[in-house]
Amino acid sequence: MSDQKKPPLIWLNVFIFSFSMLLAVVAVPLYGWFEGYGIEHWLWLLATFSFCNLSITAGYHRLWSHKAYEAHPVLRFIFALGGAFALQNSALHWSSDHRVHHRHVDDNDKDPYSAKRGFWYSHIGWMLRHYNVAVYSDYSNCRDLQKDKIVMWQHKYYVPLALLMNLGVPVALGVIYGDVIGMVLVVGALRLVLNHHTTFFINSLAHIWGSQPYTDKNTARDNGLLAVLTFGEGYHNYHHIFENDYRNGIQWWQYDPTKWLIKSCAWLGLTSKLRVCPEERIEKAKAKMLLQRANNHVMTLPNCAQIKQNLQDEYDAFIAQMTELYAVKKKMLEVKKKALAEQYDLFELQKQYQELKSRVKEQRRHWQAMAIQYAPST
């Protein structure tokens, strides 16, 4: 697209992104050199940076965009304030864009921040020009959110709330600690730049850098390093295939503080109905992807047909046993929950489940050993 055909610039966004970056990379170091910062500046930077990003990841993203769980009005109110502080538009507008992104991911004509249009465009370029002016006020895909009074209150008063949070909080901290300029620079400008670009990494780097263990139907990637920078959102390949799961990092050891926050709030009664993708679907997606990679990488071998058949047989055996395993597990849980079976029936089911679990474990080992032999690591 030539410069003449590009939509007009959104000068307010250009100013916000440019001016905040200028303050962060020039004014913050200079002020620190001449005046110095105290430990309170860095502690409040960490606190406000975390508050803003978690309001986006737990609030805007997993709660409002994907309805991955339900939240108490108090928590929704806190997320609404944090979202305004993060200066990423209202929750209604953000969620509408994001739902379009998931529905039309990588479609350059429909995905508002398609990664296939390049890193710069998906990271920040899509917000600098009127690329999506035709749908700016179309919230028809968020009728559910329009019933949320807190979402609509924040949407209506977004501008004053954004000004209050982005100017009021740093100035108030500056008055408390006797350094208004320092707090405005660190908690205002530097925090805002960090919030913006770590969040934007989800739209850009998380579609470029990492592995695809669950699907290659889109550009989304899993990346543990990005998960650290984005408060758990770096497991993006998983998220794009199982978008309604409240978790992104599904393993206990995967860094996902957003997941931990949501789960902790459940213990306090602030969140409920946490949605989790069934283990069977996750296992099958991984196995299918591994089979696909293995098949792709044996195409040039002389005995390609036989290897592919062996891979398919091993895959089919694994899927069959896994399906049986989860069917028994489901039945066992139903028996426990309803307490309808006698103790003997429950014991037999548990015994059958443990036997199948061992067999699936062995079958998984055989399957993965064979598939990985032909599929290079990603």
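**A walk through the predicted model**

Lys273 and Glu70 are joined through their side chains by a salt bridge, with 3.7 Å from N to O. The two residues belong to distant parts of the chain, 203 residues apart: Lys273 sits in the loop between S2 and H12, and Glu70 in strand S1, residues 70–71. Lys273 is exposed, with a relative accessible area of 61%, whereas Glu70 is partly exposed at 41%. The backbone of Lys273 also has a positive phi, near 50°, in a residue other than glycine.

The model is a predicted one. The protein holds 14 helices and 2 strands. Its C-alpha atoms fill a box of roughly 70 × 55 × 45 Å along the principal axes. Of the 378 residues, 48% are buried.

The bridge between Lys273 and Glu70 belongs to a set of 11 salt bridges found in the whole structure. Another one joins the side chains of Arg99 and Asp144, at 2.9 Å from N to O. Arg99 lies in helix H4 and Asp144 in the loop between helix H5 (119–123) and helix H6 (149–156), so this pair ties together parts that are 45 residues apart in sequence. Arg99 has a relative accessible area of 16% and is therefore buried, since the cut-off for buried is under 20%. Asp144, at 31%, counts as partly exposed.

A further salt bridge is formed by Glu283 and Arg364, whose closest N and O atoms are 2.6 Å apart. This pair also links distant parts of the chain, with Glu283 in helix H12 and Arg364 in helix H14 (residues 343–374), 81 residues apart. Arg364 is partly exposed at 22% relative accessibility.

Helix H12, which carries Glu283, runs over residues 279–296. From its first C-alpha to its last, the 18 residues of H12 reach 26 Å, close to the 26 Å expected at 1.5 Å a residue. Glu283 is one of the buried residues of H12, and others among them are Ile282, Ala285, Ala287, Met289, Leu290 and Leu291. The buried set of H12 also includes Arg293, Ala294 and Asn295.

The largest pocket has a volume of about 1300 Å³. Its lining comprises 48 residues, of which Asn13, Ile16, Leu87, Asn89 and Tyr158 lie nearest the centre. Two or more lining residues come from each of H1, helix H2 (39–65), helix H4 (91–103), helix H7 (158–177) and helix H8 (180–203). H8 gives the most, with 10 residues.

Leu87, one of the residues nearest the centre of the largest pocket, is placed in the loop between helix H3 (73–86) and H4. Leu87 is not a glycine, although its phi is positive, at about 55°. With 23% relative accessibility, Leu87 counts as partly exposed.

Helix H1, which contributes to the lining of the largest pocket, spans residues 11–34 and contains Met21. Met21 is partly exposed, with a relative accessible area of 31%. Together with Phe15, Phe19, Leu22, Val25, Val26, Leu30, Trp33 and Phe34, Met21 forms a nonpolar patch on the surface. The accessible area of this patch is about 980 Å² in total. A residue must have over 30% relative accessible area to be counted in a patch, and Met21 has 31%.

How values were computed:
Residues are numbered from 1 along each chain as its sequence is written. This is a predicted model: local features need pLDDT of at least 70, side-chain atom pairs count only at pLDDT 80 or more; totals for chains, interfaces and linings use all residues. Side-chain values use heavy atoms; hydrogens and water are left out. Patches are made of residues with over 30% relative accessible area and no salt bridge: like charges are joined within 9 Å, nonpolar side chains (Val, Leu, Ile, Met, Phe, Trp, Tyr) within 5 Å. Accessible areas come from the Shrake-Rupley method with a 1.4 Å probe; for residues, only the protein chains shown count as cover. A salt bridge is a side-chain nitrogen of Lys or Arg within 4 Å of a carboxyl oxygen of Asp or Glu. Helices (H or I, at least four residues) and strands (E, at least two) are DSSP runs, numbered from the N terminus. Buried means under 20% relative accessible area, exposed over 50%, partly exposed in between (1.4 Å probe, protein chains only). The expected span of a helix is 1.5 Å times one less than its number of residues. On a 1 Å grid over the protein atoms alone, a cavity is a set of points where a 1.4 Å probe fits but cannot get out, and a pocket is an open set with protein on both sides within 12 Å along at least five of seven lines; lining residues have an atom within 4 Å of a point. Grid points are joined across faces, edges and corners, and a volume is the space filled by probe spheres set on the points.
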